[in-house]
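Please keep the sequence and the coordinates in view while reading.

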Amino acid sequence: MNLLAATTTDLGMNGKHLLCAVWVILFAPLVAAGSIMLFTQRRKGLSAALSIGAILLSFVLSLRLFVALAGFGIHHQQHAVQWLVVGDLVKIEFGTTTDSLAILMLLVVTGVGSAIHIYSLGYMKGDPGFSRFFACLSLFTFSMLGIVLATNFIQIFIFWELVGVSSYLLIGFWFEKPSAADAGKKAFLVNRIGDFGMMLGVLLLWTQTGTFNFAELPAKVAAIPSGTLALIGGLIFCGAIGKSAQFPLHVWLPDAMEGPTPVSALIHAATMVAAGVYMLCRVSFLILPSEMALYIIAWIGGITAVMAATIAIAQNDIKRILAYSTLSQLGYMVMAVGLGGPTQAMFHLTTHAFFKALLFLGAGSVILALHHEQDIWKMGVLWKKTPITFGTFLIGTLALAGVPPFSGFYSKDQILLLAFDHNKSLFVIAVLTAVLTAYYMGREVFVVFFGQPRDHHAYDHAHESPLVMTVPLMFLAVLSVIAGWGDKLPEFIAGTIEHEAHHPALLTTGLICVPLVGFLLAAAIYLKRDPSDAPVKRALGPLWTLVENKYYFDEVYLWIVKYVQGTIAAACELFDRWILQRLGIGGLSFGTDLLGRTVRCLQTGSIPGYAFLFGLGITVIIYYVVVK
Amino acid sequence: MITLNHYLWISGLLFALGIAGIIIRRNLLVIFMALEMNLNAANLALIAFSKFNKLVDGQVLVFFIIAIAAAEVAVGLAIIVALFRRQQTVSVDELNSMRL
């Protein structure tokens with residue numbers, strides 16, 4: 001309550017209303033999800049209106065909050081109610097954090113989310129599960145906002161799992177398709193591995209400090225031994241590895257593309273996968289003091305970035321290319337955190353949310369134009385048929401590749417400079433990734449929008465998407481262009497987390513050329529009437545097969561699961577069958593039976609026999625009593 | 001000179017004979033008689049102790065035993081007669097079932 005009082009005095013008259021607004025922001029989507037599931041399943045229009053209304057309300061209130069709080073340099077303002085108290089030992093609150101980090105993320109989630117909700121109105125038109133889709137979207141929004149606003153580790157963990165559940169529901173939205181159902185299951189299971197590590201980390205942290213609260217923790221971190229702190233950081237990072245799909249738990253994200261495209265855009269590109277990075281930034285006070293944890297995080301990010309980028313150059317599915325690109329960009333963000341720059345990571349997260357959502361929605365528009373065709377080799381010359389989609393997709397591509405003055409340039413540049421300052425080998429990896437990014441995005445754009453129509457039937461029937469889909473595209477395109485201008489975003493977050501100022505030198509000019517190299521390369525190979533992968537295939541040889549098959553990660557994991565889990569299962573089965581069943585249960589029953597049979601022999605019914613045994617017994621007793 | 005030990009030896013011998021009779025003999029009546037011998041072995045021992053310890057407690061106890069033995073014989077013989085009426089035998093080899 002002290003915190004609440006402090007906040008209200010800080011903010012003056014309006015303060016209390018604003019803090020109530022935070023609760024509305026959080027719960028409006030939940031109310032929408034609940035009412036859709038319970039009451040308006042059959043009335044599709046009303047369901048969509050509820051869901052879109054809820055997120056727009058959250059967005060408007062977030063903007064209001066942003067305007068009100070932008071002037072204050074607020075650090076960890078919390079507004080919480082006691083939720084779970086176990087003696088003096090455990091105190092868990094349910095509350096909201098309103099600092100600039102949370103508000104920025106609120107804006108990203110609700111802003112990008114609003115665009116995607118509206119877009120879904122067009123994309124999901126006529127789907128039998130229309131209402132269910134919007135209910136799940138709202139549930140997801142609620143969970144994500146819960147992560148953003150969480151005041152403590154337990155709260156963040158609960159919403160973390162809720163996000164996993166809604167992701168599962170949405171990936172498997174078309175559950176009648178076996179591949180979609182499997183992809184949902186895979187995403188959920190792979191995430192569980194990471195979440196388990198995170199839970200261990202949280203509990204370990206609690207044993208060291210006795211609190212879960214983000215506001216109380218920073219003061220207590222210094223007392224933790226450095227080895228334990230590194231372990232805690234590493235374990236909590238496991239959660240981020242799962243949720244943000246980092247190597248080696250990245251395998252679920254590309255498969256998650258089985259979900260409807262708006263879901264891919266919202267969850268698997270813009271927001272949910274960013275939760276891992278956001279969480280790392282939120283708890284950066286835990287990670288930054290530990291060299292060891294930082295080192296691991298930076299390298300995992302770097303490896304993910306370059307690995308995913310190489311896989312992306314050989315994919316043929318329009319959404320999968322984007323999925324691997326997402327992996328790669330998430331790798332950048334994680335690497336930035338690992339290099340001690342949470343601000344840069346958040347900056348890239350924000351710009352990436354804009355242009356990646358834009359790219360996915362653009363891809364969705366293309367897919368819909370071609371009646372659910374996702375193979376890029378069946379597309380071509382679409383710039384004539386779908387000019388708005390093409391224009392916005394191009395903006396997204398340029399932003400992703402990091403061409404100035406698009407937003408991606410500024411955020412990626414900061415990460416590259418950070419890498420240059422701290423770790424030269426990661427800098428090389430990051431630059432290589434940037435070249436590859438421009439290359440595979442160039443390939444996608446040239447093959448999809450240029451060349452010649454390959455499938456004439458599909459081409460003739462291709463059409464531009466309705467306004468309800470193109471307007472969100474344009475909205476996101478504008479954001480993708482301007483989000484990076486003037487380094488305003490990093491300055492805004494810097495109030496919350498540590499921020500190192502950089503002074504770009506000659507290096508920046510060099511970095512401008514990086515995407516150009518990639519684009520030129522892609523143009524040389526793919527910008528012609530009849531492009532194909534053949535020249536690259538020839539040049540790369542077996543390497544191409546390797547990346548085309550995604551480094552055989554799925555196969556290796558399958559093998560590991562098959563053999564390791566199979567061996568364990570066989571051993572358990574043997575133990576169960578032979579030790580438990582035969583020796584334990586069987587032995588007990590056999591022993592009882594044998595004893596019964598033996599003792600039965602004594603019951604002869606012969607009186608002299610009994611008398612003899614009785615006499616013998618008495619004699620023995622007397623012997624022991626008297627003689628011994 | 002006859003000491004306590006002589007009496008006790010005789011008593012033990014009688015008792016052992018009684019036990020042996022119970023175990024070896026097959027006729028229920030004979031077993032019953034052997035059982036009486038056991039009681040009398042005990043009686044002998046009690047009287048011997050009584051005589052050498054100059055206390056009459058043992059002799060009083062012996063009267064009780066004789067009285068109880070008489071009652072026991074009455075009950076036991078009645079059971080044996082009833083048994084014989086039903087089973088037409090008093091051999092323990094044939095009387096090995098709880099069911100009549």
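Which residue follows H9(A), and is its phi positive or negative? H9(A) is followed by A:Ala245, whose phi is positive, near 50°. The model is predicted, so local features require pLDDT of at least 70 and side-chain atom pairs pLDDT 80 or more, whereas totals for chains, interfaces and linings use all residues. Residues are numbered from 1 along each chain as its sequence is written, and chains are lettered from A and ligands numbered from 1 in the order in which they are written.

Helix H9 of chain A covers residues 226-243; helices here are DSSP runs (H or I, at least four residues), numbered from the N terminus. Its 18 residues should span 26 Å at 1.5 Å a residue, and because its end C-alpha atoms are 26 Å apart, the two values agree. The expected span is 1.5 Å times one less than the number of residues. Of the 18 residues in H9(A), 13 are buried, a term that requires 20 or more other C-beta atoms within 10 Å of the residue's own, with C-beta atoms placed from the backbone.

Helix packing comes next. Two packed helices are described by the angle between their axes and the distance between the axes. H20 (residues 424-449) of chain A packs against H15 (residues 318-338) of chain A at about 160°, with the axes 11 Å apart; axes are lines fitted to C-alpha atoms over the stretch in contact, and angles run from 0 to 180 degrees between N-to-C directions. H15(A) and H20(A) are therefore roughly antiparallel, the term for angles over 145 degrees. Residues of this contact include A:Tyr332 of H15(A) and A:Tyr440 of H20(A), where contact means C-beta atoms within 7 Å.

H20(A) also packs with H19 (residues 407-422) of chain A, at an angle of about 155° and with axes 8 Å apart. H19(A) and H20(A) are likewise roughly antiparallel. The residues in contact include A:Leu416 of H19(A) and A:Phe427 of H20(A).

A:Thr386 lies in the loop between helix H17 (382-385) and helix H18 (387-401) of chain A. Why is A:Thr386 counted as buried? A:Thr386 counts as buried because it has 24 C-beta neighbours inside 10 Å. Beyond residues up to four places away in sequence, A:Thr386 touches A:Ser365, A:Val366, A:Ala369, A:Ala462 and A:Glu464.

Finally, the contact between the chains takes six residues from chain B and eight residues from chain A.

Terms used. Helix = DSSP H or I, 4+ residues; strand = E, 2+ residues; numbered from the N terminus. Buried ≥ 20, exposed ≤ 12 C-beta atoms within 10 Å, placed from the backbone. Parallel < 35°, antiparallel > 145°, perpendicular 65-115°, else oblique. Contact = placed C-beta atoms within 7 Å.
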